[in-house]
Amino acid sequence: MYYTISFRYDLFLCTNGDYIYKYNEEFGWKSLTTSGKRQWRGIACDDIGVIIYACAWKDYIYYSEDLGDTWIPVAKSLSRRHWTAICCNGLGDIAVACATWSDLNATGDYVWISTDFGYTWDKASTTIRINKNGISFII
């Protein structure tokens with residue numbers, strides 16, 4: 001008797017000046033054209049790849065809750081920023097992002113956090129200022 005175990009997984013890749021791409025074993029690589037061609041700098045997803053965050057340079061943070069088929073800009077109240085990194089926890093409800101600077105502030109920016117699936121964003125700390133290429137997170 002033989003058993004076949006199938007694992008479903010998706011990999012996401014963001015590119016500078018192009019689309020976000022998704023890979024899975026069944027279909028191979030697919031460009032997510034609804035993401036738009038942007039200067040993508042970071043991407044993160046929940047444990048099962050349904051909720052995805054992506055951040056773009058001189059742009060916004062974008063959010064998808066359908067495996068990347070549709071994207072909405074979030075954190076628009078923060079204005080366009082030079083986002084450099086983003087991550088989220090396994091459920092996708094908590095996300096952390098950083099930007100090197102905004103159009104309103106060219107001397108550095110902050111680490112930002114959302115605890116409600118990207119609907120609202122607050123400074124994670126008023127003492128941490130980012131003016132390099134970003135940071136890595138473990139949450």
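This report walks through the strands and sheets of the structure above.

## About the model

Welcome: what you see is a predicted model, in which local features need pLDDT of at least 70 and side-chain atom pairs count only at pLDDT 80 or more, while totals for chains, interfaces and linings use all residues. Residues are numbered from 1 along each chain as its sequence is written, and side-chain values use heavy atoms, with hydrogens and water left out.

Strands here are DSSP runs of E with at least two residues, numbered from the N terminus. Two strands count as paired if DSSP finds at least two bridges between them.

## The three-strand sheet

Let us begin with the open sheet of three strands, whose order is β1-β3-β4 and whose pairing is antiparallel. Its edge strands, β1 and β4, each pair on one side only. From one strand to the next, the twist averages 25° (axes are lines fitted to C-alpha atoms, and angles run from 0 to 180 degrees between N-to-C directions).

Strand β1 covers residues 11-14 and meets β3 through four antiparallel bridges. Two of the residue pairings can be picked out by eye: L11 has Y23 of β3 as its bridge partner, and F12 has K22 of β3.

On the way to β4, the chain passes through a hairpin of three residues. Strand β4 (residues 28-32) runs antiparallel to β3, and five bridges join the two. Here I20 stands opposite L32 of β4.

## The five-strand sheet

The other sheet to explore is also described as open, with five strands in the order β2-β5-β6-β7-β8 and antiparallel pairing. Strands β2 (16-18) and β8 (72-74) stand at the edges with a single partner strand each, so one side of each has no neighbour in the sheet. The twist in this sheet averages 45° from one strand to the next.

Within this sheet, strand β6 (residues 52-56) pairs with strand β7 (residues 61-64) over four antiparallel bridges. To find one of these pairings, look for I52, whose bridge partner in β7 is S64.
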